[in-house]
Each structure stands twice: as C-alpha cells, then as structure tokens.
Amino acid sequence: MKKFLEIFLGILTAMGGFVEIGELTFALNAGAKYRYSLLWVVVLGTIGIIVFGEMAGRIAAVKGQPVFNLIRERAGFGAGLVTLIAANVVNILTCAAEIGGVALVWQLLSGFPYRGLILIALLFFLLTVWFFSFQAIERVFGLLGLLMVIFIITGIASGPDWTQAANGFIPNVPALTSRQEYFVYFYFVVALMSSIMLPYETYFYASGGIEDAWNPADIKLNRIIVIIGFTLGSLLAVGLIFVGAHVFMPRQIEAQLPGTAALATASVFGRWGLLIAVAGMFFAFAGAAIETALSGAYNMAQFCGWPWGKYRPPRKAARFNYSWMIIFVIAALIMLTGVDPVSIVEYSIIFSVIILPFTYFPVMLIASDPTVMGPHTNGTIAKVLGWFYLLVITLAALLALPLLIITHGGQG
Amino acid sequence: MQKRVRLWSIWLQVAILLTFVAATAFIIIDVRSKPAGKSDLKIVVSQLRSHAAESQLLVEQAAAQHLTSTYLISHTHKLQEMAQSLSKQLNSIKVDASLDVTRTRVTELATALNNFLGNVPQSSDGHSDATAMKQSFADLVSQLIEVENSLKE
C-alpha cells in the first residue's frame, strides 16, 4: 500500500511539475499559429524526456551519482565547466521568468504593483525552500500544479476536431505561404521540443532521486514514474495546444501573458475557470522557479564536489544553500529591471537546446556502460532511442540560434 | 571512452560556432535585400493586432461576468502597457520613405488601442457600453489585419 501510494504521488508530482511558463506560452502559441500541426512535437519531446529522465534516474539509483558528476567525469573539466556555466545561465534565466510569472499571476488576483510583488515572491521562495523539506516542496507544488488540468478540460470542452487532431500527432509540415513562415514553423518545432526536454528537469529529477535515497530496488519505481508521469504531463501540453487552436486561433490572439491563458478558461468555465487557471499557473510557475534554483545549486555543488542536498542540515551544506539563495536573488534582480518574463523564457528555452547534447551524452554513455551499471545497463530499446534522440537534439542545437535570429524570436 | 566524449564535445562546439557564423552572414544578406524596417513594422503590427483581439475577448468575458474586477483592471492595465511600449517602438523603427504613411497609420491605430483600453474597466459594467467597446476593438483588429497583409511580401 505504501509503495502504491509512493508511485501514485510520484506520478502525480511528475505530471503536475511538467508545465512552466515557457511551455505554457509556446504550447498556446503553437496551437494559435498552427492549430494541431505541432502535436507531434509534444510526442517527440515527451519520449525524449522519458528516455533521458529514466536513464538519469536509473544511474542515480544504481550509482548514487547525479548528472553533473557524470558530465565532469566523462566530458572533462573544460567541457564540463562550459556546460556548467551554460546550464546555470539557463537556470537563472528560467528562474527569473518563473518569478516574473508568479508576480504577474499574483497581480491578477491582488492588483498590487508588479515590482513589489517580485520582492514578495523572492521572500516567499527563500522562506519556502529554507523551511520546507525536499519531499514537501516536491509534493505541494507538484500536486497543486495539477490544477493546470483545467486547460486539458478547456481544450476538450471547446470542441476539438478529433480526426484533424489525430493527424497532428503524425510528423508534418503544413503548407505555408513564404520561406520566412517555414522558418517560424521550425523555430516552434525546436522551441516546443526544448520546452518539454528542458535540461533542468533531468538535473532536478536525478538529484531528487538521491535526495529520496533511491537504491537499485527503486529502478522499477523510477521507470513507472517517468513513463506514466511524463506522459500524463504531456497531456497538459496537448491541452494547451488545443486551447490555443480553439480559443486563440480564430481570434488571431498570440498569448504573451499568463493572464491571456486564464482568459481562455474563463471563456469556457466562467469565473471559476479563471480562478482555477490562475491558481494552477501559480503552483506550476512557483514549482519551476524552485526547481531551477535548486538545479543550479545542485549543478554547482556536484561539479565542485561540495556537500549538497536538502536532506543535510544547512550548516553541513552551506555552499549549496548559498548557491540557491544567490540564484533566487539574481533572478529577482533581473526581473526588477522590468524585462518581460515571457521574452526571457523564450531566450532561455532556445539556449537550453544548445546544452541538451552536452547534458544527455554523458548520461547516455554511463547508462550504456556495463562496467558501471552492471545488470542495469541500457537495453537495446534504450540504446536505440538514446542515440536517436542525441541525433535529434544535436540537430536542434545547431538550428536553434540561427532560427532564433532569422525569425526575430519566432515573431516572423 | 572519455577521449571520445571530449572529441565529440569539441566537434559540437565548433559546429555550433560555424552555424552561428553562417546564420549571421545569411541574416546580413537577407536584411540588405529587404526595405529597411519592413519586418520590424510587421512584427509590431501583428502584436498590436493580437492585443486588440485579446482586448475584444476581455470585454466580452467581462460583459458575461466571467472575470473578477481585480483581474479585469490588472490585465487591462498590462495590455495598455504593452500597447504603449509598442507605440514607443514604432517611433524608433527606421523605415524607407515608402513606408512612412503606413507607420503613421499604425501609430494612430496604436494610440486608438491605448485609448480604448483606458475605457475598459468603466465600460464593462454596462452591457450596452461593452457591446460598443467590443465593436471598437473588432474594427481595430480588422484595420490592423489590413495593414499586416499590406506588409506581407
């Protein structure tokens, strides 16, 4: 019974923690611009995050080593340091965007000034991470992030064309009128896939496995949570694409604010729909802000060999604790400059594509190494999928920056 | 195996750098072949069109009593801020003389959007006002779509 509850909670947590402000924006706009044509990217990205999340979790369970230990061990100090810097820049930018998102959501409920709310959000995050245990953080924000299910219900209630939607799950390129429009479509392909496969999710997931003291007996638990949790989580992305396609596309609206997303649920379910969406976005963004700040601190500590983990008393992991605090402060300072959170997250998502191969290649190598993993080494399916996805993310990494520039950040 | 990883990392970094250089060259050539500021102007117009369409939806939902008053005021204010920021952006875009008329028209439409948004919180209480406001936003959307289409190649 206890094991069943653990699996159940793990699945719900993985599902609830799947969406953050970047994925919300890209998925809504993917639907608003291309109707169902980008649904296949959700499938592609979800299988990718399942493949590498499962490997990272399995390594954590067998070897007790998180992702950044492996990157330094396998890629060497120089390449490891470049990856660390890039990964933490992306973590800080994503954390900044999520803090901005939380402030925007609070503003919709309170009407208080935005900058003041950023400072309150900073205090809220510092106190939450300081006082709550890792398990409490994971459960509270993951489970309450499930309020985002309102977007799946809205997507279905607004009447999808199921035949066309089913066709969208098959890789396709719609007929567009100009070369520039094709570039924008491929920009959305890369960005949407990246928003689903964000590297911080893997850093956090593997480090979380160690925080939860996983051992080889937990490999099955890891597999079930990753496969079912992430698949259910991807339904949120599908729901958001449906909402974009049914509510925003006919009206030619492109979502640039969290409040726009809530307007869609209000149009179907009235005031309750609005409030549930706003609450869901708060827990989803807040969960992502905490995950990115902790991921940044995990990365630093693991790379530098410092003691780390929320399970340790703060004095015994002082540098780890300072790291996440500093990340929150830098992220809040970025938002205090008045920069738009959605613009920031768009850039952080595109830059995170570039570090995806550097993150996942060492994970793939370790998980395939029988001298390290023993009987838990990658099987044929994991190997084939792993190499296929390395090819896909390398291609995406090469295209990300040119597409960002050519399409003016996806605006045409 | 570690040697292979390092070699792979170096190759990937070089490939990303080369792609970046190639993309930059492509953009410079592409930009030179287009009238100055046309794409920037089109982006601003499409953002204004999206904000105007969103404002129309906002007024509809307010009239249907689907929104809280704090949400309505806050979100309207955010949309107004974005419209004002786009107006400023319009002034800084350098365009060819042939696009000056278009820019003036877009600036007028941006000002109109800003003004309409300024009236939203008051008008949403009365149904007849909301209907008139909805129509104003719908007209604005149509005009912005017209300008957007004229800027397409």
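Biologist: How many of the 27 residues of α14(A) are buried?

Modeller: The model is predicted, so local features need pLDDT of at least 70 and side-chain atom pairs count only at pLDDT 80 or more, while totals for chains, interfaces and linings use all residues. Residues are numbered from 1 along each chain as its sequence is written, and chains are lettered from A and ligands numbered from 1 in the order in which they are written. A residue is buried if 20 or more other C-beta atoms, placed from the backbone, lie within 10 Å of its own, exposed if 12 or fewer do, and partly exposed in between. On that count α14(A) is mostly covered, and its buried residues number 25.

Biologist: At which residue does α14(A) have a kink?

Modeller: The bend at a residue is the angle between axes fitted to the seven residues ending there and the seven starting there. In α14(A) a kink of about 40° comes shortly before the proline A:Pro357, at A:Ile355.

Biologist: Is α9(A) roughly parallel or roughly perpendicular to α14(A)?

Modeller: Axes are lines fitted to C-alpha atoms, for helices over the stretch in contact, and angles run from 0 to 180 degrees between N-to-C directions. The axes of α9 (residues 179-196) of chain A and α14(A) come within 9 Å and cross at roughly 80°. Angles under 35 degrees count as roughly parallel, over 145 as roughly antiparallel, 65 to 115 as roughly perpendicular and the rest as oblique. Therefore α9(A) is, relative to α14(A), roughly perpendicular.

Biologist: How many charged residues has the contact of α9(A) with α14(A)?

Modeller: Two residues are in contact if their C-beta atoms, placed from the backbone, lie within 7 Å. From α9(A), A:Val190, A:Ala191, A:Ser194 and A:Ser195 meet A:Ile349, A:Ile350, A:Ser352 and A:Val353 of α14(A). Ala, Val, Leu, Ile, Met, Phe, Trp, Tyr, Cys and Pro count as nonpolar, Asp, Glu, Lys and Arg as charged, and the others, Gly among them, as polar. The contact has 5 nonpolar and 3 polar residues, and of charged residues it has none.

Biologist: Is A:Val190 buried or exposed?

Modeller: A:Val190 belongs to helix α9 of chain A. Leaving aside neighbours within four places in sequence, A:Val190 is in contact with A:Val353, A:Ala396, A:Leu399, A:Ala400 and A:Leu403. Because 24 other C-beta atoms lie within 10 Å, A:Val190 is buried.

Biologist: At what angle do the axes of α2(A) and α14(A) cross?

Modeller: A:Ile21, A:Gly22 and A:Thr25 in α2(A) meet residues of α14(A), including A:Pro341, A:Val342 and A:Ile349. The axis of α2 (residues 21-34) of chain A comes within 9 Å of that of α14(A), and the crossing angle is roughly 90°.

Biologist: How many residues of chain B are in contact with chain A?

Modeller: On the side of chain A that touches chain B, α4 (67-110), α12 (258-304), α14 (341-367) and α16 (380-406) each supply at least two residues. By class, that side has 21 nonpolar, 14 polar and 4 charged residues. The 39 residues of chain A are in contact with residues of chain B that number 35.

Biologist: Which pattern does chain B follow along the sequence?

Modeller: Chain B has 5 helices and 0 strands. Of its 153 residues, 35% count as buried. Read along the sequence, the pattern of chain B is α-α-α-α-α.

Biologist: Is B:Gln65 buried or exposed?

Modeller: B:Gln65 lies in the loop between α2 (38-63) and α3 (69-92) of chain B. Although B:Gln65 is not a glycine, its phi is positive, at about 60°. With 10 other C-beta atoms within 10 Å, B:Gln65 is exposed.

Technical notes
Helix = DSSP H or I, 4+ residues; strand = E, 2+ residues; numbered from the N terminus.
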